[in-house]
Amino acid sequence: MSEKQILIGKKLYDSICNFDHSREAREEYYRIMDSKILVRDKEQTIREQILRVYAMLFCDDMELPEGSLAGPDEIEATADRLYIGTTGFDPDHWYRMKYHFPVIDDDNYDRFAALVLSDLKAGPLHEAVVNDGDMLLVGEKNPLLLTEEERGSQKLRKIELG
């Protein structure tokens, strides 16, 4: 298991889930996100790696240059497009609602991206994929503007991390 796989895992997921309630969780989150790793002989932080992977997986229709990092605007624009298992407004299916991220801005955009990726690697979403067959689904642009019928028939992409 690579250093990156260890760092983007359960400890990161738990630190994000407890971020607002524990100083130790915040410290662990920042320790992990600021950790340096080597990627193709280039040193970068886990934060940079997460933002690059998030851009690749979820911002493909935003015309970002290849290898770009997702920023606050890209993450805010894509957060409402993520569904667990099926589309819908209920907190059990709408990723952003389930994890209580009412605002995504300069202060927490990287935390949201890290939550999504660490959940896919080692959180309940990973367990749901393995045990229940649920997936992280990416819907079309502006799902908030879609009617219930349109949301039900929108084109969805399944996201899996190997």
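Tutor: Helices (H or I, at least four residues) and strands (E, at least two) are DSSP runs, numbered from the N terminus. This is a predicted model, in which local features need pLDDT of at least 70 and side-chain atom pairs count only at pLDDT 80 or more, while totals for chains, interfaces and linings use all residues. Residues are numbered from 1 along each chain as its sequence is written, and side-chain values use heavy atoms, with hydrogens and water left out.

Student: Which loop holds Glu-63, and what is its relative accessible area?
Tutor: Glu-63 lies in the loop between α4 and α5. Its phi is near 60°, a positive value in a residue other than glycine. Glu-63 is exposed, for its relative accessible area is 75%.

Student: Is His-100 buried or exposed?
Tutor: His-100 belongs to the loop between α6 (95-98) and α7. Phi of His-100 is also positive in a residue other than glycine, with a value near 55°. Because its relative accessibility is 67%, His-100 counts as exposed.

Student: What pattern does the chain follow along the sequence?
Tutor: The chain has 9 helices and 5 strands. Read along the sequence, they follow the pattern α-α-α-β-β-α-α-β-α-α-α-β-α-β.

Student: What percentage of the contacts between residues at least 6 apart in sequence join residues at least 24 apart?
Tutor: A contact here means heavy atoms within 4.5 Å. Of the chain's contacts between residues at least 6 apart in sequence, the share joining residues at least 24 apart is 51%.

Student: What is the relative accessibility of Phe-58?
Tutor: In soluble globular proteins, nonpolar side chains tend to be buried together. Phe-58 is found in helix α4 and lies 8.9 Å from Arg-81, C-alpha to C-alpha, across 23 residues of sequence. Phe-58 counts as buried because its relative accessibility is 0%.

Student: At what angle do α3 and α4 pack?
Tutor: Axes are lines fitted to C-alpha atoms, for helices over the stretch in contact, and angles run from 0 to 180 degrees between N-to-C directions. Angles of 65 to 115 degrees count as roughly perpendicular, under 35 as roughly parallel, over 145 as roughly antiparallel and the rest as oblique. α3 and α4 are therefore roughly perpendicular to each other. Their axes are 6 Å apart, and the packing angle is about 80°.

Student: How many charged residues are in the contact of α3 with α4?
Tutor: Tyr-29, Tyr-30, Ile-32 and Met-33 of α3 meet Ile-46, Arg-47 and Ile-50 of α4. Ala, Val, Leu, Ile, Met, Phe, Trp, Tyr, Cys and Pro count as nonpolar, Asp, Glu, Lys and Arg as charged, and the others, Gly among them, as polar. The contact has 6 nonpolar residues and no polar ones, and the number of charged residues is 1.

Student: Is Arg-111 buried or exposed?
Tutor: Arg-111 is found in helix α7. Not counting residues up to four places away in sequence, Arg-111 touches Ile-16, Phe-19, Asp-20, Tyr-29 and Phe-101. With a relative accessible area of 11%, Arg-111 is buried.

Student: What is the relative accessibility of Ser-118?
Tutor: Ser-118 is also placed in helix α7. Apart from neighbours within four places in sequence, the residues in contact with Ser-118 are Ile-8, Gly-9, Leu-12, Tyr-13, Ile-16 and Gly-123. Ser-118 counts as buried, its relative accessibility being 0%.

How values were computed
Buried means under 20% relative accessible area, exposed over 50%, partly exposed in between (1.4 Å probe, protein chains only).
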